[in-house]
Amino acid sequence: MIAFDEVSLSFGRRVLFSNVTLNLRGGKVIGVTGANGAGKSTFLKLAGKVIRPDAGEVRLPDGKTIAALSPEMKVYDTLTARENLSFFAKLRGKSIDLLKLGERVGLDLETFGSVRAENLSTGMRQRLKFAILLSVDADIWLLDEPTANLDDDGREKIFHEVCGAKADKIILLATNDKAEVALCDEIIQLPL
Amino acid sequence: MRLSNFLFEQVAAILRKDFLIGLRRRATFAAMMMFALTAVASLSLSMTGGFVEPKFLAALLWVVIFFAASAGIAGTFDDEAQAGTLPTLKLYAQAQAILFGKMCYVFLSLTMLTLFILPIFLILFNVAVESFLLLSLTILLGLIGIAAAGTLTAAITTSATVKGGLFPILLFPITLPIFLPAITLTELSFTGGAFETSSLIVMAAFDAILILASSILYDYL
């Protein structure tokens, strides 16, 4: 469970969160929705302790690992798709079958494995980022618009993985995409 | 034991990744090598025929290594920050693994730089080394110190707006206690003077302090 305990955060005069107290439990996909500027991405960063609140506390379960997918998190452009995947899997000490992992997200590593990330299309890079997320096998997933720039096949594959993984994970999904919202079991609507 | 093995694996993975990227981009290596080559070549040309004191030569060698290293080390963390990969790395790797992975990479880069520039320096300035063992030990300890201090300084200056100018200004006072005995020992290796074990111990001790301090301070960055 991720616990927000009287969390407040402002950027200048803009108050994003004021005394927010809530518990985010696992076993379901929790959607975070709201207009542009409402603080969806910031909410995820608070949940992952990437940023600290001005007041209050965010508590994560002990020993749980986090994986995230967001537009701000980049892969190494000068490394190939296979090298990127292999590197991040090694950081978490995971020994994985890269080809099978690529198949799960629709990234054919026989074809694209030796291509540098800088030469992958935006959609393929998004698939690579999702494959990295799968490779580290984390307990908490923070997904910020995970299917942005993906075609229907890519979206289907990611939806399938998210639904299949939710039973034993805490999954937060920041989105305004209707198909992604439909995937969520619970919605946190952030006011502007 | 298992935890330390895991940390070691992360350090090795980060070192390998940085080395691969460094080889493919080449810009950092090229900047370091070209700075060192230009400095050594122009200084040797300007002193052609004249006698140069061994002490001055020793100082010159370390000045060249320091500024060439500055040109390469400054971007250790900043390159990742600019590319947007630093948040990803910080999420998936332990902070200590990032620090020591980067530190090992910087040490490796400095070793390559020194292996490149030292023979050129010795030939162009016509230096006859009396003790290669002392010179090797001095350079090894000196590079470890620069790598430790440089990695931490690079991490500190990542968020600064004038990092290019700030980096050598911060690095110099931290590494000064390494340079002073390094210059003396390098001079002795050129002249064949009495072996100063105490200076080597001072360098090794300061290296250990720098590594320990970097490890403690990095968690607060």
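Student: Where in chain A does A:Asn19 lie?
Tutor: A:Asn19 is placed in strand β2 (residues 14-24) of chain A. This is a predicted model.

Student: What makes the phi of A:Asn19 worth a remark?
Tutor: Phi of A:Asn19 is near 50°, which is positive in a residue other than glycine. Most residues other than glycine have a negative phi.

Student: How is A:Glu6 classed, and on what count?
Tutor: A:Glu6 has 13 other C-beta atoms within 10 Å. Exposed needs 12 or fewer and buried needs 20 or more, so A:Glu6 is partly exposed. A:Glu6 belongs to strand β1 (residues 2-11) of chain A, and its phi, near 50°, is also a positive value.

Student: What shows how the span of helix α5 of chain A stands against the expected one?
Tutor: Helix α5 (residues 122-135) of chain A has 14 residues and reaches 20 Å from first C-alpha to last. At 1.5 Å a residue, 20 Å is expected, and the span is close to that.

Student: Why is α5(A) called largely enclosed by the rest of the structure?
Tutor: Of its 14 residues, 12 are buried, so α5(A) is described that way. Among the buried ones are A:Met124, A:Leu128, A:Phe130 and A:Ile132. The buried residues of α5(A) pack against several elements of chain A, including β5 (66-69), α2 (81-91) and α6 (152-165). Just after α5(A), A:Asp137 has a positive phi of about 50°.

Student: Why are α7(B) and α9(B) called roughly parallel?
Tutor: Helix α7 (residues 132-157) and helix α9 (residues 197-218) of chain B pack at an angle of about 20°, with their axes 9 Å apart. Angles under 35 degrees count as roughly parallel, and these two helices are therefore roughly parallel to each other. The crossing of α7(B) with α9(B) is left-handed.

Student: Which residues meet in the contact of α7(B) with α9(B)?
Tutor: On α7(B) they include B:Leu141, B:Ile144 and B:Ala148, and on α9(B) they include B:Leu200, B:Phe206 and B:Leu210. By class, the residues of this contact are 15 nonpolar, 4 polar and 1 charged.

Student: How many residues does each chain bring to the contact of chain A with chain B?
Tutor: Chain A brings 18 residues and chain B brings 17. On the chain B side, α1(B) gives the most, with 9 residues.

Technical notes:
Residues are numbered from 1 along each chain as its sequence is written. Chains are lettered from A and ligands numbered from 1 in the order in which they are written. This is a predicted model: local features need pLDDT of at least 70, side-chain atom pairs count only at pLDDT 80 or more; totals for chains, interfaces and linings use all residues. Helices (H or I, at least four residues) and strands (E, at least two) are DSSP runs, numbered from the N terminus. The expected span of a helix is 1.5 Å times one less than its number of residues. Two residues are in contact if their C-beta atoms, placed from the backbone, lie within 7 Å. Axes are lines fitted to C-alpha atoms, for helices over the stretch in contact, and angles run from 0 to 180 degrees between N-to-C directions. Angles under 35 degrees count as roughly parallel, over 145 as roughly antiparallel, 65 to 115 as roughly perpendicular and the rest as oblique. A crossing is left-handed if the near helix is turned anticlockwise from the far one by less than a right angle, and right-handed if clockwise. Ala, Val, Leu, Ile, Met, Phe, Trp, Tyr, Cys and Pro count as nonpolar, Asp, Glu, Lys and Arg as charged, and the others, Gly among them, as polar.
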